[in-house]
Amino acid sequence: MKHKYPNSFWIDLNEQHWNGKSVKTLSTENSFDRNTIYLNWKKLNLTWRNQNEANLLNIADLEINIERAKKISSTLKAKPRQPLIERFLQYVVPTNEKECWIWKGALRNGYGILNVNKYAEGAHRISYELYKDRIPSDLLIRHLCNNPPCVNPYHLEIGTQQDNMNDMVRSERSAKGENHSQASLTNEVVVKMRNMRETNGLSYQKIADMYNVDLKTAYKAILGITWSHI
Ligand SMILES: [Zn+2]
């Protein structure tokens, strides 16, 4: 993030912070949003006060668009004084792409929930909106990892009811041995799929479609849950 202040300015802010001024106070006094402060401290490799700030640092590392997250947070009418991203991070510790991020807050039917504007919203749906994109009202969010309390955005894909049904049909077929697509995965194909994900950042869905395998098969092979020997 570009800023017009020299590094010494951020070091000075950091010292004030350690002497008792909150990030909120510093952001008000210096007319900066809090994330600008976090990002600039991060550049200077300054230390972090608590787990919450460390989590925000992780988020930045995952190249998540915090500005967009904040916009969504205001759209969803979360309490203005605490952005939705911060409330969300009280209940989950983001780790990496592969591991499930288990929701530590309230659950309903096994799925994490968080109150947004007085309504209990699915934590995985909030995660998708914070980290990826808005969810059109007629679409649902699918867990690639089959783990309802997981809110790792990398394990979430947007889809229609029809997609869900197609997934079920495909997995039934492969259980009966009628579908050759899983068997047709080879070391070579799996390596190619992983490269596409890493280098080109293609979605799991796109890669699955290219190789005519179901979404979960592609997801598991790419993350190394299956085909872990290569
Ligand atoms: Zn997961």
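Two residues are in contact here if their C-beta atoms, placed from the backbone, lie within 7 Å. Keep in mind that this is a predicted model: local features need pLDDT of at least 70 and side-chain atom pairs count only at pLDDT 80 or more, while totals for chains, interfaces and linings use all residues. Numbering starts from 1 along each chain as its sequence is written.

**First stop: Phe88.** Select Phe88 and look beyond its neighbours within four places in sequence: Leu114, Ile126 and Leu130 are in contact with Phe88.

**Next, the core around it.** A nonpolar core is a set of buried Ala, Val, Leu, Ile, Met, Phe, Trp, Tyr and Cys residues joined through C-beta atoms within 7 Å; buried means that 20 or more other C-beta atoms lie within 10 Å of a residue's own. The largest such core has 18 residues, and Phe88 and Ile126 touch the most other members. Now colour helix 6 (84–89), strand 2 (111–116) and helix 7 (123–131), the elements that give two or more residues to this core. Helix 7 contributes the most, with five residues. Helices (H or I, at least four residues) and strands (E, at least two) are DSSP runs, numbered from the N terminus.

Show the three strands of the open sheet, in the order 1-2-3 with antiparallel pairing; strands pair if DSSP finds at least two bridges between them. Strand 1 (107–108) and strand 3 (119–122) are at the edges with a single partner strand each, so one side of each has no neighbour in the sheet. Pick Leu107 to find its bridge partner in strand 2, Gly112.

**Last stop.** Select Leu215, Tyr219, Ile222 and Leu223, which are among the twelve residues of a second, separate core.
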